[in-house]
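Please open the model in your viewer and keep the sequence panel beside it. The tour below moves from one selection to the next and says what is found at each stop.

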Amino acid sequence: MDKRLADLRGNLEELGQSHLLKFVSKLTEDEKKELCEEIDHFNIPEVNRYFGEAQKSMSESSEKKDDRLEPLPREICGSTLSDGERVSAWESRGLAAIAEDKVAVLLLAGGQGTRLGVAYPKGMYDVGMPSRKTLYQLQAERILKLEQLASTDKHCTIPWYIMTSEHTKQYTVDFFKKNDYFGLSSEHVIIFEQGTLPCLDFNGKIMLSKPHSLAKAPDGNGGLYRALKKWNILEDMKQRGVEYIHAYCVDNILVKMADPVFIGFCLEKEAECGAKVVQKVNETEAVGVVCQCDGKYQVVEYSEVSMETAAKRNQDGVLVFNAGNICMHYFTRNFLQRVIDTHLEDLRHHVAKKKIPYVNDKGEIIKPDKVNGIKMEKFIFDVFEFTKSLAVLEVKRNDEFSPVKNAPGSSKDCPETARAALMDLHYRQILSAGGKFLDEDGKALPVIPRNNISSSNPNSPSEKPLIQCEISPLVSYFGEGLEEHVTDKELYSPFHLELTKGGVRDTMNGNGQAHTPKRPKL
């Protein structure tokens, strides 16, 4: 061990990181071994190079890109709002690809539920729907229903690839096992892990989280591409016959898994990359936009554009840069293969300034109250610049996007807004199928277009949902087939339409007392 430490010290001194060994004299033999293994795990010269790139990135991100931006070409765009006559054709084409076992879903699930006040992964979070289903369960059941809808003469399969992080993998593996994969076959749920990178101070020094351990963080959702290579995921897809992949983030409660409309749209456009987008609420909304920058497709962050450019509008009054990114993407397997074969080193690091716990000179662990370092990460959409065939589909925000990012009671993107958004969607689907809700006195409730969410701010939480209703994904993927269950029927809140052993029924019976949902095993 002494020789190993001596050699390591010499290398670290040359690289300006010798401080990593400053507590070594106080460590046990096991702790020394752990520290050496952690340092050896990372390519320190590469980390130093990343810091240089990060400094350049920080400098560039402070510069506005206005003069370099162009709107998306009209021919690569489509909309479920204005191209209604094409939606059914896109859906049919997507369902055909799914029926041929050519479609997979890829979940980005590296995030912990820290901001939600829990110690487990976001996917295990229960936002408080009547069923008490977690995000993972809702998504698993949507896959099951879509497989049923797409199957023709034989049952089709939609493989589910779940990218976790060092902090979420074991939780996720155990959760799925304890809950029997929510009805999916375990062989079609592939869980793998993204990489990590050391955290750095503003001088490029690697930080210690303990005297014998480096401070580390996941390498961002753009770490997907290295993870695909490391775990041979694309080879696994090839063996299964998968050609098209729908990628998304775990925290969007409204996500349409392997959305056949989106898949079919991208196939019609002969695209190798695709992005779903929503209209920005206004020019000040803090969301990245899909556009062209220097002639290449990119997602440009709101901080990289001046307010003057962000506020530009077309003759019809719509914002010029209006395609809000919601991290729902389409890729062909061949494109992903090209990325990992030729572009891995071209993906740049972005910088996130954070409050990072560290060890002071006395060996004490300090939790800072202000930003003290950086985490380096890559973004999944950074590969857009490598394609000439992008397809961009605009969708309705209140149908498809409501993320769970912030603590309960926050002003936006929290469990309350997500719960309200899903209930609002299901309420509208029931009304469209001919159902009607009555109040406690038996009087019909008014038919209103927005049940639970303020139209002026779609992310603001309601004080209390007017109508509590939920449709199990096992009953309906996106509102189809509800007529036989709700048409001309009088319904009461709370309402939960579920597939049970006795068939499809309202498990709440309108009073919230008749059925106690079985919560998933944590």
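Begin by selecting helix H8 (residues 233-240) and helix H11 (residues 333-342), whose axes come within 10 Å and cross at roughly 155 degrees; helices here are DSSP runs of H or I with at least four residues, strands are runs of E with at least two, and both are numbered from the N terminus. Axes are lines fitted to C-alpha atoms, for helices over the stretch in contact, and angles run from 0 to 180 degrees between N-to-C directions. H8 and H11 are therefore roughly antiparallel to each other, a term for angles over 145 degrees, while 65 to 115 counts as roughly perpendicular, under 35 as roughly parallel and the rest as oblique.

This is a predicted model, in which local features need pLDDT of at least 70 and side-chain atom pairs count only at pLDDT 80 or more, whereas totals for chains, interfaces and linings use all residues. Residues are numbered from 1 along each chain as its sequence is written, and side-chain values use heavy atoms, with hydrogens and water left out.

Staying with this pair, show the side chains of Leu-234, Met-237 and Lys-238 in H8, which meet Arg-333, Leu-336, Gln-337 and Ile-340 in H11, contact meaning heavy atoms within 4.5 Å.

Next, select helix H4 (residues 84-99) and helix H9 (residues 260-268), which pack with their axes 6 Å apart at an angle of about 95 degrees. That makes H4 roughly perpendicular to H9. Among the residues of H4 that take part in the contact with H9 are Trp-90 and Ile-98, and H9 contributes residues including Phe-265 and Leu-267.

Of its 25 lining residues, select the closest to its centre: Arg-74, Cys-77, Asn-314, Val-318 and Glu-394. Strands S2 (77-79), S11 (273-279), S12 (289-293) and S19 (390-394) each give two or more residues to this lining.

On a 1 Å grid over the protein atoms alone, a pocket is an open set of points with protein on both sides within 12 Å along at least five of seven lines, a cavity is a set where a 1.4 Å probe fits but cannot get out, and lining residues have an atom within 4 Å of a point. Grid points are joined across faces, edges and corners, and a volume is the space filled by probe spheres set on the points.

Finish at the largest cavity, which holds about 120 Å³ of space. Arg-142, Leu-422, Leu-425, His-426 and Tyr-477 are the closest to its centre among 15 lining residues. H13 supplies the largest share of this lining, four residues.
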